[in-house]
Amino acid sequence: MFRIERYHDISCGHRVAGHENKCRHLHGHNYRVTFVCVSESTLSMGPYDGDSKELDDVGRVIDFSVVKERLCMWLENVWDHKFLAWEHDTVMRNITKLCGAACWSSKNDESVHDVLDSSIVWTPFNPTAENMAEYLVNTVGPHVLQGTGVMLLECRVEETRKCSAAFTKDFDI
């Protein structure tokens, strides 16, 4: 099976709700997110017959610039320099309520409410590296790669050089 990989670096914050140690605090990482893509035709292929249907006419799974344009730019536009907060995290909900109440008395030119609202990305998952990787594979990948003939097979989310988590799509070849 041919696979291509491309990584992208972003910076964002998060809080892991229910964490027993310091990750329960508001903090951030310089994440490295690695995308692994394969041709959708890989899913329907039988045994290798010498005629690879996995590659395009040029001999690629997909051009790396398309991965950048679709997956890396999604990260840039949606998560980079934002704070990922689980939609069911009561601590984060209370923080935003308190900050929201304080913004009405703010005399600053820049609205606290606007900055807060544009800085937090409410996620349907507790923002662990594992859940981020799964969300990228199962939700973001199918949406942004639609029509390319390629699927996001795996995603690795590295929080530090020592710690990463990966999610691989399960399918039968």
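Visitor: Which residues touch the most other members of the largest nonpolar core?

Guide: In soluble globular proteins, nonpolar side chains tend to be buried together. A nonpolar core is a set of buried Ala, Val, Leu, Ile, Met, Phe, Trp, Tyr and Cys residues joined through side-chain atoms within 4.5 Å. Buried means under 20% relative accessible area, with a 1.4 Å probe and protein chains only. Here the largest core has 31 residues, and F35, L71, W79, L136 and V157 touch the most other members. Helix 4 (129-144) is one of the elements that supply at least two residues. Helix 4 gives the largest share, seven residues.

This is a predicted model: local features need pLDDT of at least 70, side-chain atom pairs count only at pLDDT 80 or more, and totals for chains, interfaces and linings use all residues. Residues are numbered from 1 along each chain as its sequence is written, and side-chain values use heavy atoms, without hydrogens and water.

Visitor: Where does helix 1 bend?

Guide: Helices are DSSP runs (H or I, at least four residues), and strands are too (E, at least two), numbered from the N terminus. A bend is the angle between axes fitted to the seven residues ending at a residue and the seven starting there. Helix 1 bends by about 35° at C72. C72 is also among the helix's buried residues, as is L71.

Visitor: How many bridges join strand 2 to strand 5?

Guide: Two strands pair if DSSP finds at least two bridges between them. Strands 2 and 5 run antiparallel, with eight bridges. T34 has R156 as its partner in strand 5. Five bridges link strand 5 to strand 6, also antiparallel. A hairpin of five residues joins strand 5 to strand 6.

Key:
Buried means under 20% relative accessible area, exposed over 50%, partly exposed in between (1.4 Å probe, protein chains only).
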